Amino acid sequence: MQARGTKPQTIALFSGSLLFQIIQVGTYPILISQFLSRSSVSNFAIGLFVSVAWIVVFAAGPFVPRLLASVGTGRANTIAFGFTLISLVLLVLSSTPVVILVSSVAMGLGLIIRWIVCDTLVVHVSEPGIRGRMIGLHEALMGLGIGLGPLLFVGSQLETVTWICIGIAITGQLAFLNTASGLVREAAGTDAQPQAQQRFLIQVILTALVAAFFAGFIENSAIALLPLYFENVQFSLNTSAVLVSSFGFGGTLLQPGLGYIADRWSYYLAQMICIASIVLSCVAIFLFTDMMLVSLIGLFFLGGAAGGLNTLAVIEAGRSQSARQIPAAMTAIAMLYTLGGIAGPVASGATLDLFQNQGMMLLFIASGVVLAVFLFLYRYRIFLRRGRGSR
């Protein structure tokens, strides 16, 4: 594969993005949910706390393209690192609910800025003909971050995990600053999008935005609450961490293949494959929750499919927009993913309280069915419009 950035720049970007994904998405939601469970907080309340960072992501998202236009991607990435570091240091100082709330706000700010910076730069380094595979590779590393994050909890105290995260954040920032500076300068001139153009953008990539919502809904619910889900079948935190890790590794290994399908055939085919995987894997977990091997395989495909919906959304937005529209497109994707990230943990936490282990997987199955119906109806409407236009 060839890219517009040099190989060291691309490696630095991807590796730095991976390290921050380990912290911000793969570890932090589990970390705060476990801190809160020590205080005997209800599952619904824990879901609300997990959603705080995503609420901040949604609220701050529209301002990120303007930030990138004002200070450039390099300084914006440094700002993201600062918020992430503050969030983790607060957890070192105290793990009371009030401190966790402030920490979540800081983590949300760090997450949304890093997210838009990295997605913008990934599109920037990718040649159009292989953009789907490049984005698929980047999203695979995001899945790897989700897979590696839970493994930090195996045999470690929560306080130790927090210190490890601080070390990972510093390492990721140093790698990014030392190697990707040239790439950052190349992309520094990105312009913010006028509001009218953003409204038009939403119409163009509507299917990508809806898919991103369901990706956030399932992915963030699973990462934060699956350990609590498996507690009901007497799995230890170590075992639950391994299961959640399988979810993340599925997101790693399946993304390049989905990117290839999108390049070679269509987004629609790849999206339907993801939806079928979500429904079938959740049915298997629902029926055989107490069988670890079945849950391990089911979560692998569930993670690949949920992450795949977001991968395909980024590919679609990146391919359909000009370079100056990319930050606005990535922000729109991030915001819809975030809406799912807010709604998912709250809804899943509520189903865990109301229906114990049964409701969460049923909720994911229903999400897949609803998305499939939407994509089918949207595609059919476009087909009718084209057919009438050709007469």
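Biologist: Which residues in helix 9 and helix 10 meet each other?
Modeller: From helix 9 you have E219, A222, I223, L226, P227 and F230, and they meet L237, S240, L243, V244 and F247 of helix 10. Contact here means heavy atoms within 4.5 Å. Helices are DSSP runs of H or I with at least four residues, strands are runs of E with at least two, and both are numbered from the N terminus.

Biologist: And by class, how do the residues of that contact divide?
Modeller: Nine nonpolar, one polar and one charged. Ala, Val, Leu, Ile, Met, Phe, Trp, Tyr, Cys and Pro count as nonpolar, Asp, Glu, Lys and Arg as charged, and the others, Gly among them, as polar.

Biologist: Before we go on, what sort of model is it?
Modeller: It's a predicted model, where local features need pLDDT of at least 70 and side-chain atom pairs count only at pLDDT 80 or more, while totals for chains, interfaces and linings use all residues. Residues are numbered from 1 along each chain as its sequence is written, and side-chain values use heavy atoms, with hydrogens and water left out.

Biologist: Back to the pair. At what angle do helix 9 and helix 10 pack?
Modeller: About 155°, with the axes 8 Å apart. The axes are lines fitted to C-alpha atoms, for helices over the stretch in contact, and angles run from 0 to 180 degrees between N-to-C directions. So helix 9 is roughly antiparallel to helix 10; the label needs an angle over 145 degrees, with under 35 for roughly parallel, 65 to 115 for roughly perpendicular and the rest oblique.

Biologist: Now helix 1 and helix 3: at what angle do they cross?
Modeller: Roughly 30°, and their axes come within 12 Å. That makes helix 1 roughly parallel to helix 3, and their crossing is left-handed.

Biologist: What's in the contact of helix 1 with helix 3, by class?
Modeller: Eight nonpolar, three polar and no charged residues. F20, I23, Q24, Y28, L31 and I32 on the helix 1 side meet F81, T84, S87, L88 and L91 in helix 3.

Biologist: Y28, then. Buried or exposed?
Modeller: Buried, because its relative accessible area is 3%; the cut-off is under 20%, with exposed over 50% and partly exposed in between, using a 1.4 Å probe and protein chains only. Beyond its neighbours within four places in sequence, Y28 is in contact with residues including I100, S103, S104 and M107. Its C-alpha is also 9.3 Å from that of P150, 122 residues apart along the chain.

Biologist: Switching to the core: which residues touch the most other members?
Modeller: I112, L226 and I333, out of 109 residues in the largest nonpolar core. Such a core is a set of buried Ala, Val, Leu, Ile, Met, Phe, Trp, Tyr and Cys residues joined through side-chain atoms within 4.5 Å.

Biologist: And how many helices and strands in the chain?
Modeller: 15 helices and zero strands, and 57% of its 391 residues count as buried.

Conventions
A crossing is left-handed if the near helix is turned anticlockwise from the far one by less than a right angle, and right-handed if clockwise.
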